[in-house]
Amino acid sequence: MADLQRPVTINSAIIGKKGTATCTGTTLTIDIISGTYFELDLQNLSGDISTFRMENYSAGFPGGQSYTLKLIQSSTPRQFTWSSLIPQLFFAGGSAATTGPPNWHFVHIGGEHPYLSQENNAVNIMSIISPVTGDNSLRDVAWLVAMVGTDFQ
Amino acid sequence: MASLNGITWSGKPKFQIRNPSYNSTNIYIDLAVGHVWRIDCANISGAIGNFTVQNVPSGTGIVSSFLLGLIQGPNPSTNYLNWLAMTNVKWAGGIRGIQPYQKHLVDAVVQDGSGELQITSNGHYLAAPVSETVGGPNSILPIRFTTTGTLPTGISLNTNYWSYYSSNMYFFPSTTVVTSGEGSGSGTPITYVNGGTGTHYWHMYHHEKHQNIQTATDNAVDYLSFTTWDNGTTWYGTVVGRDIK
């Protein structure tokens with residue numbers, strides 16, 4: 001993986017890759033190494049999102065990672081069950097699953113849980129920033145979630 | 001074009017600020033030459049209604065973005081970027097320049113002494129105490145309700161309501177605009193039947209969808225972010241900051 005240790009000047013567009021993401025039952029799954037943008041139609045869910053699964057997570061990554069979710073609301077409105085939701089992380093290579101520290105959790109601006117617009121096909125975009133792995137402070141366990149916007153039209 | 005499959009920014013990325021080209025009808029952003037853009041609206045003439053992004057990277061499974069800074073000119077009412085006309089740009093809630101709404105928890109739905117439906121929402125701040133007799137500035141703006149279950153009878157999804165202010169602990173929803181304070185009869189209260197089921201929320205519903213995005217003050221600086229998930233057909237616009245100073 002490239003590590004740009006000196007300032008770099010960028011004079012054109014920055015392109016991100018859409019990663020692999022699925023939602024089935026009440027589980028939302030993203031392949032965290034496959035991209036930085038994930039687009040999901042919540043229509044396939046059978047209930048609110050109670051499991052947030054991130055695959056191919058790299059615990060040795062020397063810093064925070066951020067990615068963006070674009071969520072299209074289903075005809076039956078779905079939400080995240082933030083109060084009980086924890087990140088479920090799976091390492092690359094199909095190694096044993098781990099749920100990490102028991103106090104891993106999502107945090108939100110002002111402590112307000114982001115709420116998806118309920119209208120069918122409404123576009124909701126949110127940003128998630130991972131903890132700084134390798135740091136033994138509280139930053140190690142909190143995943144920051146911020147709503148970029150809801151119901152884009 | 002370099003393709004970095006995973007990148008660590010140990011150094012600081014820098015972006016050269018570019019000035020978009022424009023005429024009386026179009027503004028042009030060329031992504032082949034820049035990621036950060038800035039335009040001084042003192043130099044534009046008329047209402048520019050077309051937002052043209054050139055050289056948008058195209059391909060399967062990619063997302064592109066850029067930043068645009070706007071410096072307000074001395075004549076914002078005549079010389080401006082007409083975001084309403086730029087239908088290829090989508091905004092949260094359809095609102096140009098207002099941050100996404102924030103939901104607030106309904107603590108309880110109860111019946112007051114007059115049989116009206118009363119919403120308890122601690123610290124709702126829908127109107128300042130001093131405006132109780134004339135309706136606060138927020139009371140003329142609609143609110144909407146959402147729920148994890150079923151809303152109380154008399155309240156529906158995707159429907160505007162207005163509020164009677166009573167305290168920062170509770171308010172009374174009205175089905176019509178409230179132009180003066182509680183007790184004056186200017187609103188239409190809802191008769192309490194039940195409190196519904198599940199957890200209820202309310203949020204401000206800004207109906208001025210086509211509000212000009214920019215701060216109106218001369219030389220005010222606003223920054224916007226644009227992202228496309230479909231190779232430039234649709235751009236999702238968000239406000240990074242307004243009136244930055």
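Author: Leu105(B) stands opposite Tyr201(B) in strand E18 of chain B. This is a predicted model.

One of the facing pairs is Ile143(B) with Met204(B) of E18(B). In general, the strands of a sheet pair through backbone hydrogen bonds, in either the parallel or the antiparallel sense.

Now look at the other sheets. In chain B, three strands make an open sheet in the order E4-E5-E8, and the pairing is mixed. Strand E4 (21-22) and strand E8 (50-54) of chain B are at the edges; each has a single partner strand, so one side of each lacks a neighbour in the sheet. Strand E5 of chain B, residues 26-30, runs parallel to E8(B), with five bridges between them.

Five strands take part, in the order E6-E8-E12-E13-E11 (chain A), with mixed pairing. The edges are strand E6 (37-41) and strand E11 (105-108) of chain A; each has a single partner strand, so one side of each is left without a neighbour in the sheet. From one strand to the next, the twist averages 30°. Strand E8 of chain A (residues 66-72) pairs with strand E12 of chain A (residues 123-129) in the antiparallel sense, over seven bridges. Ser66(A) has Ile129(A) as its bridge partner in E12(A).

What does the secondary structure of chain A come to? It comes to zero helices and 13 strands. Of its 153 residues, 27% count as buried. Take the contacts in chain A with a separation of 6 or more: 62% of them are between residues 24 or more positions apart.

Next come the cores. The largest nonpolar core has 32 residues. Among those that touch the most other members are Ile27(B), Ile29(B), Leu31(B), Val53(B) and Leu68(B). Strand E12(A) gives the most to this core, with four residues. A second, separate core holds 17 residues, including Ile143(B), Phe145(B), Tyr170(B) and Trp202(B). Ile143(B) is the residue that stands opposite Met204(B) in E18(B). In soluble globular proteins, nonpolar side chains tend to be buried together.

Leu68(B) lies in strand E9 of chain B, residues 62-71. Is Leu68(B) buried or exposed? Leu68(B) has 21 other C-beta atoms within 10 Å, so it is buried; the cut-off is 20 or more. With residues up to four places away in sequence left out, Leu68(B) touches Trp37(B), Leu224(B) and Phe226(B). Tyr192(B) is 124 residues from Leu68(B) in sequence, and the two are 49 Å apart in space, C-alpha to C-alpha.

Note on methods
Residues are numbered from 1 along each chain as its sequence is written. Chains are lettered from A and ligands numbered from 1 in the order in which they are written. This is a predicted model: local features need pLDDT of at least 70, side-chain atom pairs count only at pLDDT 80 or more; totals for chains, interfaces and linings use all residues. Two strands pair if DSSP finds at least two bridges between them. Helices (H or I, at least four residues) and strands (E, at least two) are DSSP runs, numbered from the N terminus. Axes are lines fitted to C-alpha atoms, for helices over the stretch in contact, and angles run from 0 to 180 degrees between N-to-C directions. A residue is buried if 20 or more other C-beta atoms lie within 10 Å of its own, exposed if 12 or fewer, and partly exposed in between; C-beta atoms are placed from the backbone. Two residues are in contact if their C-beta atoms, placed from the backbone, lie within 7 Å. A nonpolar core is a set of buried Ala, Val, Leu, Ile, Met, Phe, Trp, Tyr and Cys residues joined through C-beta atoms within 7 Å.
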